[in-house]
Amino acid sequence: MFCPETVHAVRSAWLKSQGVFTALDPDFGQGEQFEALCKIAQTDGHAPASQLRYLGLLEESASHAPGLHYLSLPEINIELHLWVGPAKAGLQEFNGQFDAVLHPDAQRLYSRRIKVQALKPIQPASVAVVGAGIAGSSVAWALCKKGVKVHLYDSASEPAAGASGNCVGAFHPHITRGDSPLSKLSRLGFQHTVQALKELSALGLLAEGEDWATPGHLQTVPHDEAERTQETLAMLNFPETLVRWAQPNELLPTPLGGLYFPQGGWVKPAHWVRANLKACGELLTTHFNSKVTNLQALREQHSAVVVCCAEGSIDLAPIEGAKVSSVKGQISKLRSVAQPGVVLSGESYAIAPQGTDWMVLGATYERPVVDLTPSTQADAENMARFSAAFPGWPLGELIDHRCAVRSVWHDRLPAIGPVPNKPGVYMSTGFASRGLLWAALGGWQVANYCTGHAFESKLLGKITPRAARA
């Protein structure tokens, strides 16, 4: 039910607040109240100093998959967090942290099940970030957007020296039969990624179609898994704008069917990293050729320290009981004879960005990590997998190859948030092979922690740095 008086009352309270003002809309419906608040903010001609964090509950939706959804409107300082699913589960997801409730009867109806808890803002003098890849640069930009001075440290002579230095990478949502936390988080991370890329493009720091694009993503599956995968899609009943089944030879000449994600895409990670750093402006000070072996000095110099150095993170900020491993991956860059037009994964990983004359295949999954020297055997494996999935597809000459290391936590989820028993120390790491899905989400969440605006939710609680279960 739309109530103009409630909307204006929330707007008035928001204008008087500091830091983050959180409003709960327990009956989001068609979003009338949210749209009304946005229109009022737009007509004011300036963004309020306080951010509006709008929490909406939507029992079901034909256009949104179940779970948590995110939309940022930085020009009017509003964030929408929409929970699609049972209202009771939504209240548990948001943990009852808000300053106002929309709808006239909502306060009475929900008063026994919620607890108002206003967030207290913190303004750090400065924050040290260790690691200048996609994780660290995303944290740096998120902090600088909040007006925080950042000192970025990396042992290399330039940014994106590790896995973020690969020429191109893929990002797309993930689904599992039981819609696991990994799948829900992948959809949330995907939204943060697209939001970040669009925002950087609006600033003129990235070019859509040249530095990133969303042409769609086909995840092929083996013949013996096709029937079960289609059953999974039917059970989940997700909108086809998120995922649908693609028949063999429907999108590309292949005997394999697969999951097609129409919004899936690719990005050139090093370009994204550099765009993040440029967006930071004068609030960022970089320290390259600076290997950090101990956090003590940084903790004494800065208000907080964020560790974002992949496999080295757990060495700098040990967590008792944590189990982290490293995996080597080699990509092969070939001259492109014919471009697939969509991003490929599953039985073979391949990306050919629009406007280029090359295609990337890979990446291998090698343990243990002995060295990072590319091998002809790994190139042959990458090409063999592609030819098996796409028989008859012409492959050009090998023009380059590259190895990098993935950091994998025991449950394959990232580690984002405060490090246990180390006040003022945070992490954004453990991205495995999904760094392009987790980086923007990690930057946003860590920046919220550092400024006292942590967005607590049941789902995000699963990715705080943690020990493995006994």
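Where does P368 lie? P368 is in the loop between β19 and α11, elements that are DSSP runs numbered from the N terminus (helices being H or I of at least four residues, strands E of at least two).

## Basis of the description

This is a predicted model, in which local features need pLDDT of at least 70 and side-chain atom pairs count only at pLDDT 80 or more, while totals for chains, interfaces and linings use all residues. Residues are numbered from 1 along each chain as its sequence is written, and side-chain values use heavy atoms, with hydrogens and water left out.

## Backbone features in loops

Most residues other than glycine have a negative phi, and most peptide bonds are trans. The bond that joins R367 and P368 is a cis peptide bond, with omega about -10°. A cis peptide bond also joins G362 and A363, where omega is about -20°. A363 is placed in the loop between β19 (358–362) and α11 (376–389).

Two asparagines have a positive phi. For N289 the value is near 55°, and this residue lies in the loop between β14 (284–287) and α9 (296–301). N289 is exposed, at a relative accessible area of 57% (exposed means over 50%, buried under 20% and partly exposed in between, with a 1.4 Å probe and protein chains only). N421 has a phi of about 65° and is found in the loop between β21 (415–418) and β22 (425–429). With 78% relative accessibility, N421 is also classed as exposed.

## Helix α12 and its partners

Two packed helices are described by the angle between their axes and the distance between the axes. Here, axes are lines fitted to C-alpha atoms, for helices over the stretch in contact, and angles run from 0 to 180 degrees between N-to-C directions. Helix α5 (residues 134–145) packs on helix α12 (residues 435–450) at about 40°, with the axes 8 Å apart. That makes α5 oblique to α12 (angles under 35 degrees count as roughly parallel, over 145 as roughly antiparallel, 65 to 115 as roughly perpendicular and the rest as oblique). The crossing of these two helices, α5 and α12, is right-handed (the near helix is turned clockwise from the far one by less than a right angle; anticlockwise is left-handed). On the α5 side the contact (heavy atoms within 4.5 Å) includes I134, S138 and L143, and on the α12 side A439, W444 and C450 are among the residues involved. The contact of α5 with α12 comprises eleven nonpolar, four polar and no charged residues; Ala, Val, Leu, Ile, Met, Phe, Trp, Tyr, Cys and Pro count as nonpolar, Asp, Glu, Lys and Arg as charged, and the others, Gly among them, as polar.

Helix α6 (residues 181–202) meets α12 at an angle of about 75°, with an axis separation of 7 Å. α6 is therefore roughly perpendicular to α12. Residues in this contact include L185, L188 and F190 of α6, together with L437, L441 and W444 of α12. The residues of the contact of α6 with α12 are eleven nonpolar, four polar and no charged. L188 of α6 is buried, with a relative accessible area of 2%. Its C-alpha is 6.7 Å from that of Y70, although L188 and Y70 are 118 residues apart in sequence. Not counting residues up to four places away in sequence, L188 touches L68, H69, Y70, L441 and L460.

## Helices α5 and α8

The axes of α5 and α8 come within 8 Å and cross at roughly 25°, and the two helices are therefore roughly parallel to each other. The crossing of α5 with α8 is left-handed. Among the contact residues are S137 and W141 of α5 and W272 and V273 of α8. This contact has nine nonpolar, three polar and no charged residues.

V273 is found in helix α8 (residues 269–280) and counts as buried, at 0% relative accessibility.

In soluble globular proteins, nonpolar side chains tend to be buried together.
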